[in-house]
Every structure is written in C-alpha cells, then in structure tokens.
Amino acid sequence: MRKRRVTAALFFQLGLAFGLAGSAFAQDKCQAPIATYNVRNIDIDTFSVEASINKPTSRFDVFAFPIKERPEGQSESILFLQGYAQNGDPVDLHYVGEGGWETDEGKYVSRITYQVRADHDEVDWGKDAPGKDEVATRFDETYFFVGHAFFVINYDWPACPIEVDFELSEEWIITSPWKMTGRTAIAANPWNLGQNAFAMGLDEPRTAELSGLDITWLISSDAKEIEGRINELMDVIPRTYIDFFGSAPGNRYATYFFTDYMSDGGAFENSFAMRIAKPISPADEIVWSHTLGHEIMHLWNGAGAIQGKKPDQTYWFTEGFTDYLTIKLMRKAGLIDDNMLMQRIANVLRRYEIAKRRSPNVTLADAGKSKGANWELIYGGGALAALILDAEASKQGTNTFRDAMRDLYEHSDNPYELDDLMERLDRSTNGKASQIVTWVNSSPSANDIRQRLIPLGIDSTTFRFDEVYVVFLECGKNSCAPDFLAGL
Ligand SMILES: [Zn+2]
C-alpha cells in the first residue's frame with residue numbers, strides 16, 4: 001500500500017523528473033534515445049549491464065532504501081561500476097552515498113559498465129524499507145526487479161526515451177510494461193525506466209487486453225492456489241476502473257505476484273508488484289484483494305496519471321482517495337458485499353479516530369511530510385474526505401464525483417500543485433472539495449462525523465475511539481448501501 005519512499009537527495013531529483021515527465025515539449029526535443037542499456041545474464045544471479053549515453057553525464061543513481069543489513073541499500077548489489085569518456089578513456093565514478101555516484105569535477109562519461117548481483121533475497125526489505133516488492137526478488141525461474149534497483153541512470157536527464165536491449169539467453173522471457181520491439185524495451189523517459197517493475201526468466205506471464213490496455217501478470221508457483229482468484233480480480237478490477245474513468249493511462253500494464261510473510265504491494269508508473277502472506281488464507285484474502293485493488297487504482301491516481309508535484313502535500317489525495325475509490329468500485333463490481341462494505345467504511349472512520357490521537361493538529365497537506373508517522377491521517381483522513389465529497393456531491397448530480405475525478409485524470413499531463421488540484425476539484429463540485437478538506441482539518445469529533453453521515457444514508461457509532469460500527473439506513477432494490485457507494 002505504500003507508494004514509494006525516497007531519500008532526501010532523491011526527492012529533489014524526483015521533483016525534476018516529475019516536472020519533465022509527460023511534457024510534450026520535452027518529448028518533441030528528443031532526436032534519439034538519451035541512452036541505450038544492454039543487459040546480459042552472465043552467471044547465476046549475475047547480470048552485466050553496459051550503457052551508451054547520448055548526453056555526457058557526471059552523476060548516476062539507483063534508489064536508496066537503507067536497511068540495517070545494507071546501509072547503502074540497493075547500491076550494494078551494483079558491482080564494478082566503471083565510466084568511460086567519449087574517447088574511450090576510463091573515468092572513475094565515486095560512490096557518494098544514498099545510491100549516487102559522481103565523477104571528479106569536470107569529467108563526464110558517455111558509457112558505463114557494471115554488474116547487478118541478484119542477492120536481494122539475502123536480507124529483509126520489509127522491516128525498514130517498503131519491502132522486496134519495491135526492490136527485487138527471485139521466484140521460480142524468474143528474476144524480478146524494480147527499475148530503480150537495476151538501472152544506474154541519471155534522473156535529471158531530459159524526458160527522452162531510454163532503450164534497453166535484453167541480450168538474454170534465448171528461452172528467457174521479459175515481462176515489462178515498456179513498449180517492446182523484439183527484445184528491445186523502450187521506456188518513455190528516465191523516470192519511466194526507474195519507476196517500473198520488470199522480470200526476466202523462464203516463467204510465462206498471462207496476458208489480457210481490455211479496452212486498449214494490454215495487461216500482463218506473472219504469478220509465482222507458491223501462490224498457485226489463488227491463481228484463479230487473481231485472474232478473476234485482474235479481469236474485473238481494471239475493467240471497472242476503465243469504466244469509471246472512461247479510459248486507462250498508457251496501453252501497457254505489467255503486474256507481479258509472489259509470496260512473503262505479509263501482504264502488501266508497490267505501485268509504479270505502469271506496473272505493480274504484490275507480495276501475499278504465507279500461509280495463504282481466506283482472512284488474508286480480504287486484505288490482499290483490497291491491496292490489489294488499491295495498487296491498480298494507482299495507475300489512475302498516484303503513479304500512472306494524477307500525481308502531485310510535491311508528492312508529500314497530496315498523499316492524502318493520492319492514497320486516501322485511492323483507498324476510498326477502491327472500496328467503492330470493488331463494491332460496484334460485486335467483488336465485496338454490503339457487509340464487507342460496512343466493515344470497510346467503519347475501518348475508514350476508525351482509522352480517522354486513531355489519526356486524531358496520533359497526529360493531533362496536523363493538516364492533510366502537512367501529513368505527508370512524515371508519511372509513516374501520519375499514516376492514519378493520510379489514509380483515513382483522505383478516505384473520509386473522499387467519502388463525504390462523493391456522498392454530498394451526489395446530491396448535486398449522480399455523476400458529479402465521478403466527473404470530478406475524470407476531469408482530474410484527463411488533465412493530468414503534468415503533476416498537480418496542491419492548489420491547482422483543489423481548484424479543479426472545486427470547479428467540478430461547486431466548492432465542496434475545499435470545504436470538506438477544511439472540515440477534516442478542523443478535527444471533527446466522532447459525533448460530528450456521525451451527524452454529517454446520517455443524512456447521507458450511513459449510520460455510524462463510535463465507542464471510545466477504536467470501536468466503530470456502520471449500518472446502512474435504507475434498503476434499495478438490491479442493496480442497503482446508498483446509491484453513491486454501491487453505484488446501482
Ligand atoms: Zn497506495
């Protein structure tokens with residue numbers, strides 16, 4: 001469920017990458033790929049990578065998730081990194097911390113070579129970092145990597161395509177969200193290469209085509225027993241979301257499923273990865289199927305289309321609205337029933353009650369500065385705002401909330417400043433969005449929330465702060481859930 005965690009150093013670069021990504025002007029300037037990477041499997045668990053670069057460069061990065069056993073994070077699996085100048089002379093690259101390498105001043109490189117050791121499973125990335133789903137792992141006869149753990153690149157390069165030639169053993173299959181020409185992948189820009197997951201090996205993924213979106217999913221053999229359920233969800237969820245938003249961003253989407261000691265997922269631009277808890281169980285399915293729905297929703301909100309220019313200011317929207325939409329649309333698709341819907345709404349309200357204790361006097365926009373500490377406010381407060389906005393906007397018109405989300409999605413070529421995002425939402429909802437955010441920021445009591453929800457068809461009660469119950473007040477033809485929620 002956590003989207004991404006980057007070091008302070010990378011945050012700066014991330015902003016730049018965001019600023020450039022998707023800009024038609026920048027795309028037009030690209031005469032050729034900014035770099036071409038060549039990937040070979042040279043030994044068990046070892047890849048050799050060579051890159052020729054069209055823009056001489058003095059700085060390279062992988063993402064850095066420092067953990068106890070690997071203080072320098074993913075960079076510890078990058079070996080023998082060597083740079084070369086245009087004339088072929090070797091140029092040293094010095095490791096400068098936080099996943100970065102630099103040349104001596106005034107020196108630039110046009111070619112690099114290095115090896116990647118697929119040793120990531122020797123340590124647990126789940127304790128202090130987002131988990132192996134956001135780094136790298138092995139399953140069956142497949143190597144799984146997130147681009148930012150494998151490709152040593154410069155995130156400040158212009159938003160021009162990067163080519164990757166996979167010169168792997170012939171029988172190996174490449175699963176990726178990138179456009180493929182034969183065994184050459186073309187990522188749209190540096191960010192698109194780093195912020196996506198791919199896999200290489202002998203295992204074959206499943207594919208489906210939905211309204212122009214090619215979906216690929218690869219499941220590890222130890223998750224075989226839930227393959228049927230995953231297949232069903234991978235069919236129904238994207239279809240429901242495409243229906244809601246009117247289309248899908250991009251035309252390729254790659255997903256990966258493997259097991260771990262807990263269930264969680266990581267969303268990237270046009271891909272996501274999920275780890276599912278062993279032993280696989282019906283109770284945990286409630287969690288992982290929701291996580292799956294949440295990660296897919298990020299294709300529209302948070303990773304693939306709608307993004308915040310300063311992501312920390314908009315986490316309440318990219319995470320909270322994502323979580324709410326997941327609940328709503330999974331109900332709409334018939335994947336959960338009214339009872340589960342009531343539990344999920346109760347969870348949102350409980351999470352917000354906890355948020356008020358854990359993050360007193362923190363606004364939604366400030367909560368993202370410390371995503372871990374304010375997790376309940378970001379997810380609970382954000383989802384509460386979405387719930388009330390949807391319900392109250394539905395009084396203006398049946399599809400007001402949906403159209404407001406579509407409007408944001410359709411204008412998401414560039415990341416949103418928080419003010420622009422709010423302005424757009426307000427325009428669609430007659431100022432409701434800002435009013436509701438201000439109200440959530442005023443820390444409404446459980447009773448205030450109860451009073452506001454009753455006219456919307458949701459009866460809620462809270463005992464202390466950690467017991468919350470929800471009952472839907474009116475029974476329609478097929479459901480007791482209010483129409484705005486069940487979409488009937
Ligand atoms: Zn998320």
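How much space lies in the largest cavity? About 60 Å³. A cavity here is a set of points on a 1 Å grid over the protein atoms alone where a 1.4 Å probe fits but cannot get out, and its volume is the space filled by probe spheres set on the points, which are joined across faces, edges and corners. The structure holds six cavities of 30 Å³ or more.

A quick word on the source: this is a predicted model, where local features need pLDDT of at least 70 and side-chain atom pairs count only at pLDDT 80 or more, while totals for chains, interfaces and linings use all residues. Residues are numbered from 1 along each chain as its sequence is written, and side-chain values use heavy atoms, with hydrogens and water left out.

Back to the largest cavity: its lining (residues with an atom within 4 Å of a point) includes Tyr352, Lys356, Pro360, Leu377 and Asn441. Helix α8 gives the most, with three residues. Helices are DSSP runs of H or I with at least four residues, strands are E runs of at least two, and both are numbered from the N terminus.

Now zoom out. The chain has 15 helices and 22 strands. Its radius of gyration, taken over C-alpha atoms, is 23 Å, close to the 23 Å from the globule rule (2.2 Å times the number of residues to the power 0.38), so the chain is as compact as a globular protein of 488 residues. Those C-alpha atoms fill a box of roughly 75 × 45 × 40 Å along the principal axes. Buried residues, meaning those under 20% relative accessible area with a 1.4 Å probe and protein chains only, make up 59% of the chain.

How values were computed
1 Å grid on protein atoms, 1.4 Å probe; cavity = no way out; pocket = protein on both sides within 12 Å on 5 of 7 lines; lining within 4 Å. Buried < 20%, exposed > 50% of the residue type's maximum accessible area, 1.4 Å probe, protein only.
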